[in-house]
Amino acid sequence: MRHTPRTVLVALAALAAVVISTVPAAAATAPATWWKPAAGATWQMQFTGALDMSVTADVYDIDGADATKAQVTKLHAAGRKVLCYVDAGSWENWRADAARFPAAVRGNALDGWAGEQWLDIRQWDTLRPILTDRFATCKAKGFDAVDPDNMDGYANASGFPLTAADQLLFNRRVADLAHSLGLAVGLKNDLEQITKLQPSFDFAVNESCVQWKECAMLSPFVTAGKPVFHVEYKASLCPTAAALRFSSIRKNLRLDAFRAAC
């Protein structure tokens, strides 16, 4: 049997050390897995008012900044999983970290949403550390997943020349960031690119697809056995969603504790 010369072994060892040292820390420490929600899971979504933790639902979607670790712990004790709502694609002037967003990344106001502006999602080097801290806060509070909102700036009058490719890259980066922290992640908005984005996301969150006649666009998640957490705001639209195999509920527009199952 021939032996590899010692000089070659030393060289190989040195090369291995260089390769290991150049692997990004996030990739080297990324969790092997995260929570995979089951299709058909029931859910509740509440962003305003005192949090009602008595609702019988498998999954709660609540604001990541407003919720406390104690609330998440209590929901877990009741057998619930918890989604951390985080605005990813727009700026909100009332958030504690609002000053971290430079004017250069803030664009046009969101139509109908006071105090919010679209973000230039192409400036990932600026946005990544802010989103990392937001997601890390979700993780520290014990959340199981993130629900990143406003993931379709390219389809709106953002004030930036955003393209579908820009949005696709940003959305995948958001998903990878959540997964690197051991958090599941949902896709909200950007229905036009769902076929390409579904593999990167663990579930979808949708508002009013029946009203806007867009529910069929969410079928890739159903086909993949991933839940679609769906809400409508008009009672007359609720029954239509049953055949779609979505997790559908009816809510008030103010997204308080009221919830009616479809």
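A disulfide (a pair of cysteine sulfur atoms within 2.5 Å) joins Cys-209 to Cys-215, with an S to S distance of 2.0 Å. The structure is a predicted model, in which local features need pLDDT of at least 70 and side-chain atom pairs count only at pLDDT 80 or more, while totals for chains, interfaces and linings use all residues. Residues are numbered from 1 along each chain as its sequence is written, and side-chain values use heavy atoms, with hydrogens and water left out.

The torsion about the S-S bond of Cys-209 and Cys-215 is about 85°, so this disulfide is right-handed. Both cysteines are buried, where buried denotes under 20% relative accessible area, exposed over 50% and partly exposed in between (1.4 Å probe, protein chains only). In total, the structure holds 3 disulfides. Another joins Cys-84 to Cys-138, with an S to S distance of 2.0 Å; its torsion is about -60°, so it is left-handed. Cys-84 lies in strand β3 (residues 81-87) and Cys-138 in helix α4, so the pair ties together parts 54 residues apart in sequence. Helices (H or I, at least four residues) and strands (E, at least two) are DSSP runs, numbered from the N terminus. Cys-84 and Cys-138 are both buried. In the disulfide of Cys-238 and Cys-262, the sulfur atoms are 1.8 Å apart. Here Cys-238 is buried at 6% relative accessibility, whereas Cys-262 is partly exposed at 42%.

The structure also holds 4 aromatic pairs, defined by rings of Phe, Tyr and Trp (its six-membered ring) whose centres lie within 6.5 Å; planes under 30 degrees apart count as stacked, over 60 as edge-to-face and the rest as tilted. Trp-43 and Phe-229 form a tilted pair, 5.5 Å centre to centre with 40° between the planes. This pair links strand β1 (residues 43-46), which contains Trp-43, to strand β10 (residues 228-232), which contains Phe-229, across 186 residues. Trp-43 is buried at 0% relative accessibility, and Phe-229 likewise has a value of 0%. The pair of Trp-124 and Phe-170 is edge-to-face, at 5.8 Å centre to centre and 80° between the planes.

Asp-120 is found in the loop between β6 (116-119) and α4 (124-141) and is buried, with a relative accessible area of 4%. Its contacts (heavy atoms within 4.5 Å) include Val-105 and Phe-160, residues up to four places away in sequence not being counted.
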